[in-house]
Amino acid sequence: KEYRKDLEEGMKGKGMTVFEDTPDLIRVKNAAQILNEKQYKKDLETEIKGKGMQVGPDTPEIRRAKKASEIASMKEYKKDLENEIKGKGMGVGMDTPDIQRAKKASEIVSQKEYKKDLETEIIGKGMQVGPYTPEIQRVKKASEIASQKMYKDEAEKMLCNYSAVPDTPEMERIKSTQKNISSV
């Protein structure tokens, strides 16, 4: 009777008291937490995803993962290229004859297109392009003058660096012979 009386007075009305964290109590708390996480994930799939809400592909984590997979794919491709093609003796480089021929053909086509544009855009609209236009003649003349001036400047510099050869006995003999010939 006293035990029941103490129970009614002490425990029932006041609620449970806090127990110490025993290993069993810790295990039960962890199990409850795991169960709650599983329930949360289940609710996410049924409540949110099931009702049309999408976990978007634009989130930074998803973009980062896509970029990482692209980079890994490129590395795999390069690795396969080296192993499968280069390893078997096939040269893949910028100096192969086929690539050089293709580049040359592309340059020729580009030059033809440029000349075609020149004819249709400039010459076709009445503008003269040739060696006889006054502007081109003026440029040529200026170029020749500059060239002559540079030639003269260069000659003057060379004259300063060289000295006249002193008269050797051979030179004096030649000079006297020239005088004799001219006087005759």
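The structure is a predicted model, and the confidence of the prediction deserves attention at the outset. The mean pLDDT of the protein is 76, and 74% of its residues reach 70 or more. Among the elements of the protein, helix 6 has the highest mean pLDDT, 87, while helix 1 has the lowest, 75.

The architecture can be stated briefly. The protein has six helices and zero strands, so that its pattern along the sequence reads α-α-α-α-α-α. Of the 184 residues in the protein, 2% are buried. The accessible surface comes to about 18100 Å², and carbon and sulfur atoms account for 58% of that surface.

Attention may now turn to the charged side chains. Side chains of opposite charge can pair when their charged atoms come close. The structure holds two salt bridges.

One of these salt bridges joins Asp 153 to Lys 149, with their closest N and O atoms 3.4 Å apart. Where do these two residues lie in relation to each other? Asp 153 and Lys 149 are four residues apart in helix 5, which covers residues 134–161. They are therefore separated by about one helical turn. Asp 153 has a relative accessible area of 32% and is partly exposed.

The other salt bridge links Glu 170 with Arg 173, and here the closest N and O atoms are 2.4 Å apart. Both residues belong to helix 6, which comprises residues 169–183. Glu 170 and Arg 173 stand three residues apart, about one turn of the helix.

Which residues gather in a patch of negative charge on the surface? They are Glu 2, Asp 6, Glu 8 and Glu 9. Glu 2 lies in helix 1, which spans residues 2–12. Glu 2 counts as exposed because its relative accessibility is 65%, and the cut-off for an exposed residue is over 50%.

Definitions and conventions: Residues are numbered from 1 along each chain as its sequence is written. This is a predicted model: local features need pLDDT of at least 70, side-chain atom pairs count only at pLDDT 80 or more; totals for chains, interfaces and linings use all residues. Side-chain values use heavy atoms; hydrogens and water are left out. Buried means under 20% relative accessible area, exposed over 50%, partly exposed in between (1.4 Å probe, protein chains only). Accessible areas come from the Shrake-Rupley method with a 1.4 Å probe; for residues, only the protein chains shown count as cover. A salt bridge is a side-chain nitrogen of Lys or Arg within 4 Å of a carboxyl oxygen of Asp or Glu. Patches are made of residues with over 30% relative accessible area and no salt bridge: like charges are joined within 9 Å, nonpolar side chains (Val, Leu, Ile, Met, Phe, Trp, Tyr) within 5 Å. Lys and Arg count as positive and Asp and Glu as negative; His and the chain ends are not counted. The place of a charge is taken as NZ of Lys, CZ of Arg, CG of Asp or CD of Glu. pLDDT is the predictor's confidence in each residue, from 0 to 100.
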